[in-house]
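Please keep the sequence and the model in view while reading.

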4 protein chains.
Amino acid sequence: LVAVIGGGSAAPSVLEQARALGRELARARLSLVTGGLGGVMRAASRGVCEGRAELGGDSLVLGLIPGTEAAQANPFVDVVVPTGLGIGRNLLVVRSGEAVVAVGGGSGTLSELAFAWQLGKPIAALSQSGGVAARLAGTALDERRRDLIEGVSTPAEAVAWVCQRMGYSPLPGE
Amino acid sequence: LVAVIGGGSAAPSVLEQARALGRELARARLSLVTGGLGGVMRAASRGVCEGRAELGGDSLVLGLIPGTEAAQANPFVDVVVPTGLGIGRNLLVVRSGEAVVAVGGGSGTLSELAFAWQLGKPIAALSQSGGVAARLAGTALDERRRDLIEGVSTPAEAVAWVCQRMGYSPLPGE
Amino acid sequence: LVAVIGGGSAAPSVLEQARALGRELARARLSLVTGGLGGVMRAASRGVCEGRAELGGDSLVLGLIPGTEAAQANPFVDVVVPTGLGIGRNLLVVRSGEAVVAVGGGSGTLSELAFAWQLGKPIAALSQSGGVAARLAGTALDERRRDLIEGVSTPAEAVAWVCQRMGYSPLPGE
Amino acid sequence: LVAVIGGGSAAPSVLEQARALGRELARARLSLVTGGLGGVMRAASRGVCEGRAELGGDSLVLGLIPGTEAAQANPFVDVVVPTGLGIGRNLLVVRSGEAVVAVGGGSGTLSELAFAWQLGKPIAALSQSGGVAARLAGTALDERRRDLIEGVSTPAEAVAWVCQRMGYSPLPGE
């Protein structure tokens, strides 16, 4: 599972990056976890669905939504957990991912980056997606870790980096 | 998603019922959510894995574990959410299920039954599995609902009842 | 801190027991934690406020409410924590108490009793308050503990038992 | 209630600012909520205890700790809530405060600032305390709010600003 974090609403170019990121995850046979709502969460989920429709594979989309009704999830989520935790579900999203990729985003995404950092998760940020991701790409949040939030230029680069950090080799030919 | 709740350790006959319940869920093409640990949770998850191996289908096993490390989940879980909520994850388990089936169990299972009741979920209890499930099968927990915890005698009956209450028809031939 | 649990709405006679329980807690210089809303939670909180007004002392009333707005707490709460956890805050209520007293109640109270049992908290239940408290007074929820939910007849008896179990001696003269 | 957030360990000069902040809160008859552990949390709590011992008043110290054992709280906490939510309790800390003051801090404090921003809480940051507080003083986290994280130079200035934003007048003579 890879967590994708980003704004609940975003500019079309940011959404396009999120969707491409989802397709790359599906291509690498990785599954996705998000906060299950709109914007970047929806676009990345849609990308996974499109990618596995085209390329096959059994990538899954898990959505951990803040509310209590499964119907609040976007339509590209395969498995919904209605956490009822409000924005507190942000912690569960990053904890569920083995790695985290940030796309754009504001203070909600910032809370997720801060948690991911505390939890020691590998973190990549799309440096051309604006918002928090662009601002913090290539930086350290504090001194507890020696690595940085990895700035990546493209969705494909993000997934390649994540695979490498997770020690995961996509199946040959994919 | 159907939630199966029950004790983290249980007698062999109870585990056998949980495993059969998992197989019935797979046969009906339903997915499973549990608390992701041992005992009834493990047996039901194993049953789903065995059922889909034999019968095909894409039933999933979701495990919402109390701790923070995905490795704590039993090996039959497909998707792990390390909630870090401790026994507070019990609420998320029942909220994630459209219906709930209880197998044996003690006070942990009782907290889940109480939450499921409050949330208005359809609840079945295997009346020959002992513990809380047997004790509360056929009863009402308070006056807020007019229905009862449905007492069922067999795993197959539990799944049939759940399908009916969810308005779900397994595919023909399954 | 002593947790008092019970229904969000209740018959006048049950509320009167909760209020008397609050007064007894104040008399014993104990503080109270509840779920911060109405019914038994409000009556017990009111009892503490009345008790300390009459008798002095610095007993506090802590309210752990399900929602996100402090204004949702009843007016007798001194310190509000807007948990935003919904009914998941039930676990925090019993965890915050060194001991738990149940007054009446339905399935919400049952979830709290089940958690309190799992956490090993001393539990008393007012056996003449109806509901879950009356039903489970004098029983064990499962085999993990050797003690019982202590059935007590009066609020004063409840507080005396709690003090004894907590190894707490109210100041002389009180 | 005012939330004070900051690192669980900190340089002596930062701790001194946190302690002075606690004293100023007590002087203004305000109560404190923190995450209940060490470092800035402990120093601010100690400051409140010292302040009310010197100056009177009934300021309280509430500690929302990540673990499940009340004994993990620092000794200056009056009321402990053992949330069992791990770092997820950060959200409850800022939600419990009517206003938030940041002192130093790293990624944990950053998660709290991000949540406080999302929740619309007034936020002050001690600009000479280093860490996240110094870095974000005078900035906006995203465009959803028009105000800024208020940079303040001294603990007294922080409390004066908080009182003004909360529309709170300390009693005359204090």
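A search of the whole structure, which is a predicted model, finds two aromatic pairs over all chains. One of them is formed by A:Phe115 and D:Phe115. Their ring centres are 5.7 Å apart, and the planes make an angle of 55°, an arrangement classed as tilted. The class follows because an angle under 30 degrees would count as stacked and one over 60 as edge-to-face, with the rest counted as tilted. Because A:Phe115 belongs to helix 4 (residues 107-118) of chain A and D:Phe115 to helix 4 (residues 107-118) of chain D, this pair joins two chains. A:Phe115 has a relative accessible area of 1% and is therefore buried. For D:Phe115 the relative accessible area is 1%, so this residue is buried.

The other pair is formed by B:Phe115 and C:Phe115; it is tilted, with 5.7 Å from centre to centre and 55° between the planes. This pair, too, crosses between chains: B:Phe115 lies in helix 4 (residues 107-118) of chain B, and C:Phe115 lies in helix 4 (residues 107-118) of chain C. B:Phe115 and C:Phe115 are both buried.

Aromatic rings also take part in arrangements with charged side chains. In chain A, the ring of A:Trp117 has the charged end of A:Arg145 over it, 4.3 Å from the ring centre. In chain D, the charged end of D:Arg145 sits over the ring of D:Trp117, at 4.3 Å from its centre.

How many residues of chain A are in contact with chain D? The contact involves 20 residues of chain A and 20 residues of chain D. Between them, chain A and chain D bury about 1500 Å², and 66% of this area is on carbon and sulfur atoms. On the side of chain A, the residues that lose the most area to chain D are A:Ile87, A:Ser107 and A:Phe115, which together account for 36% of what that side buries.

Two elements of chain A, helix 3 (89-96) and helix 4, each give two or more residues to the side that touches chain D. The largest share of that side, eight residues, comes from helix 4 of chain A.

Attention now turns to chain C. In helix 3 (residues 89-96) of chain C, eight of the eight residues are buried, so this helix is largely enclosed by the rest of the structure.

D:Ala26 lies in helix 1 (residues 12-27) of chain D. Its relative accessibility is 0%, so D:Ala26 counts as buried. Beyond its neighbours within four places in sequence, D:Ala26 is in contact with D:Val48, D:Gly51, D:Arg52 and D:Ser59. D:Ala26 and D:Leu55, 29 residues apart in sequence, have their C-alpha atoms 7.7 Å apart in space.

A:Ala11, by contrast, is found in a loop of chain A, between strand 1 (2-6) and helix 1 (12-27). With 40% relative accessibility, A:Ala11 counts as partly exposed. From A:Ala11 to A:Val40 there are 29 residues in sequence and 9.4 Å in space, C-alpha to C-alpha.

Technical notes:
Residues numbered from 1 in each chain as written. Chains lettered and ligands numbered in written order. Predicted model: local features only at pLDDT ≥ 70, side-chain atom pairs only at ≥ 80, totals over all residues. Heavy atoms only, no water. Phe/Tyr/Trp six-rings, centres within 6.5 Å; stacked < 30°, edge-to-face > 60°. Helix = DSSP H or I, 4+ residues; strand = E, 2+ residues; numbered from the N terminus. Buried < 20%, exposed > 50% of the residue type's maximum accessible area, 1.4 Å probe, protein only. Lys NZ or Arg CZ within 6 Å of the ring centre and 35° of its normal. Contact = heavy atoms within 4.5 Å. Buried area = accessible area lost by both parts, 1.4 Å probe.
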